[in-house]
Amino acid sequence: MKALKERVYEANMELVRKNLIVYTWGNVSEVDRAKGVVAIKPSGVPYEALTPDQIVILSLEDGRVVEGNLRPSSDAPTHLVLYRAFRDIGGITHTHSSYATSWAQAGRALPCFGTTHADSFYGEVPCTRWMSEEEIERDYEGETGKVIVQAFEGKQPIHVPGVLVRGHGPFTWGKDAAQSVYNAVVLEETAKMALNTLIINPGVQPLPQALQDKHFLRKHGPNAYYGQK
């Protein structure tokens, strides 16, 4: 598990380097589906004190700790629900980054206003519904995962690698922990740009579909041509 722990540690520390974390407000995980385990940051451990050996290993099937002496992130049940539901993802990031969280608190999906957004997110980034009191009391973190899954009915999670949990904050994902952090950075920047766009032009409309298609598909899918082979 050493390599898995080191990757998850580095991904968590990248949140610090990219200024997406205040105190302990966030976590990153990665799944190893072949081994049936998930590695995740321990709960409440300050980033300046975090070490690779403190990363906690959980069973993907039932969430029990299979390696580690610390309690896993309190958001671990949310991560587990998403890994079980979204079979194509390999890493998840949760933050309380300022701009993305502001959209979540406003209860608004993040529209695609420009090509920067379209490069990584195909269409708007959805915002979940409010959780019911019953859901909150029954299994808050697990039910958070379920309302995220519900928000993606009819959508491809791999094409929209992020969500805004209403009143809470963003979750992003990718093929591994590092890519989920990358998408968290992009989501924060696009959330900032979208807010500024609405300030400049409150009546702005989403990017034309042809441009959304062009910018997303030139980076993703079988006919992508951006970058090097």
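A: Start with serine 29, whose bridge partner in S2 is isoleucine 40. This is a predicted model, where local features need pLDDT of at least 70 and side-chain atom pairs count only at pLDDT 80 or more, while totals for chains, interfaces and linings use all residues. Residues are numbered from 1 along each chain as its sequence is written, and side-chain values use heavy atoms, with hydrogens and water left out.

Q: How many bridges join S1 to S2?
A: In general, strands of a sheet pair through backbone hydrogen bonds, either parallel or antiparallel. Here S1 and S2 run antiparallel, joined by four bridges. Two strands pair if DSSP finds at least two bridges between them; strands are DSSP runs (E, at least two residues) and helices are too (H or I, at least four), numbered from the N terminus.

Q: What is the strand order of the open sheet?
A: Its seven strands go S4-S3-S2-S1-S5-S7-S6, with antiparallel pairing. S4 (65-67) and S6 are the edge strands, each pairing on one side only.

Q: Which residues touch the most other members of the largest nonpolar core?
A: Nonpolar side chains tend to be buried together in soluble globular proteins. A core is a set of buried Ala, Val, Leu, Ile, Met, Phe, Trp, Tyr and Cys residues joined through side-chain atoms within 4.5 Å; buried means under 20% relative accessible area, exposed over 50%, partly exposed in between (1.4 Å probe, protein chains only). In this 35-residue core they are Leu110, Ile148, Phe152, Leu164 and Trp173. H6 gives the most, with five residues.

Q: Is tyrosine 23 buried or exposed?
A: Exposed, because its relative accessible area is 69%. Tyrosine 23 lies in the loop between helix H1 (2-17) and strand S1 (26-32).
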